[in-house]
Amino acid sequence: MEDVSCRKCGNLLKLLAMTKQPTTRAELVDSRARKRSPTLIKAAERIYCGTGYSVSNALYVITGKSVVVIDTTESLSAAQASYSDFRKISALPVSYIIYTHFHGDHIRGAKAFHGPGVKIIAQDRMPKELARNNMLLPYRERVNAIQLGTPLPANPGGSLLNDPEDGYVPPDILFDEECRFEEGGTHFELYHTAGESADHVMVWLPGEKTLFPGDLFYRCFPMLSNPLKADRCVLSWVDSLERMRKLGSEHLVPSHGPPMQGASEIDATLANYAKAIRHVHDETVKGINEKLSLAEILRRVRLPEELASLPYLQERYGMVRWAVQGIFRQYTGWLDFAPVHLNPCPRRKFARALLEAGGGAAAFVARAKRGIEAGENQIVLELTDVILEIHPRHPRATALRLKALTRLNESAANALERNIYRAAVRELRQRSTNQS
């Protein structure tokens with residue numbers, strides 16, 4: 001690659017080489033997503049999408065003399081399986097690997113494609129994003145376990161060391177806003193497009209009219225605010241989508257899910273995606289400026305029906321109400337103007353006062369039982385929260401709480417929401433076993 005818009009950053013690359021990677025991008029997964037059908041889809045002439053091998057895709061561009069790989073899946077074994085099948089299509093060597101962003105499901109399979117002479121390209125904010133991620137490695141591991149519905153490791157933070165599935169390789173080339181190069185007659189244009197992450201990159205092949213949007217588009221409402229992770233820059237996401245639309249792509253090859261064909265369909269899809277994100281953002285800001293409380297804004301903000309009915313805006317991953325809470329938090333302080341929340345008393349002290357005022361644990365249990373019978377599962381959770389704060393081994397409160405959590409798990413349509421409830425059920429059962 002020879003282009004002045006690409007630059008090498010020695011010190012940053014050393015930092016990058018020392019960082020450990022998250023186990024997976026748990027963001028788009030629940031236990032049922034593991035049942036996939038691995039397949040290579042021909043997205044356009046000489047362009048293939050390896051989907052179903054893992055949480056994310058490995059994407060292949062065959063040039064006149066080599067292969068360029070875009071994203072590498074979450075694990076070495078998944079990447080090897082995808083690459084093995086791709087080798088039946090082309091035996092050309094890999095020349096470049098492009099990371100669309102730092103999330104683990106895009107970078108942990110790189111060793112499957114890497115070898116002498118292979119160059120890896122990423123946006124130059126990637127080292128800082130990885131360093132911040134690794135500062136909270138034990139916490140991230142806990143979050144990933146909850147989101148994936150898997151048990152926490154016995155040695156939190158330690159399971160990421162010497163992980164045989166981690167095939168991450170640090171990049172050789174970092175760029176700021178754009179990077180252009182030609183390989184085997186194919187022209188590649190890489191642009192910094194923040195949204196999913198601060199270091200996010202889209203890849204554009206002008207000769208093939210093919211766009212690789214990374215994680216700025218996938219077929220469900222986007223995770224603008226993960227309840228367990230840092231919020232994302234919502235307006236930058238919209239700007240990046242509008243920038244993509246100007247390219248007039250005829251083939252869209254995302255890093256999650258199958259490719260899309262047809263300029264008009266792609267443009268309409270990206271336009272609706274951007275419109276949905278901007279609507280949630282603008283309506284939340286409007287509510288803030290109207291001096292509404294967060295609860296009032298949550299009740300008010302909904303996608304318009306013409307957007308809410310679209311199959312690729314269903315709330316199977318991100319949720320509108322989570323997005324509202326994240327946007328509200330980004331623009332305001334932690335106090336909601338209610339003086340009672342300025343200096344709250346200790347949780348245990350307040351719970352004890354509630355029980356005393358409400359007639360004791362028996363009265364709370366009775367009301368929670370009526371809540372179970374009425375299907376008021378959230379009410380049951382909040383009532384039993386008070387009881388178990390003071391009486392952590394209370395058997396009836398524990399049983400009612402387990403029932404409410406199980407119902408919420410079974411009724412949740414959103415994968416992350418379901419796994420959060422499932423993890424809570426598992427934790428409560430384990431705690432009950434340890435106390436018995």
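User: In which strand is the place of Thr186?

Analyst: This is a predicted model, in which local features need pLDDT of at least 70 and side-chain atom pairs count only at pLDDT 80 or more, while totals for chains, interfaces and linings use all residues. Residues are numbered from 1 along each chain as its sequence is written, and side-chain values use heavy atoms, with hydrogens and water left out. Strands are DSSP runs of E with at least two residues, numbered from the N terminus, and the run of residues 186-192 that holds Thr186 is strand E9.

User: Is Thr186 buried or exposed?

Analyst: Buried means under 20% relative accessible area and exposed over 50%, with partly exposed in between, for a 1.4 Å probe and protein chains only. Because its relative accessible area is 1%, Thr186 is buried.

User: Which side chain does a polar contact of 3.3 Å join to that of Thr186?

Analyst: A polar contact is a pair of N or O atoms within 3.5 Å where, within protein, one must be able to donate a hydrogen and the other to accept it, and residues adjacent in sequence count only if both atoms are side-chain atoms. At 3.3 Å, the partner of the Thr186 side chain is that of Arg46.

User: Where is His256 found, and what is the length of the polar contact between its side chain and that of Asp215?

Analyst: His256 lies in the loop between strand E12 (251-252) and strand E13 (260-261), and it counts as buried because its relative accessibility is 3%. The polar contact that joins the side chains of His256 and Asp215 is 3.2 Å.

Technical notes. Helices (H or I, at least four residues) and strands (E, at least two) are DSSP runs, numbered from the N terminus.
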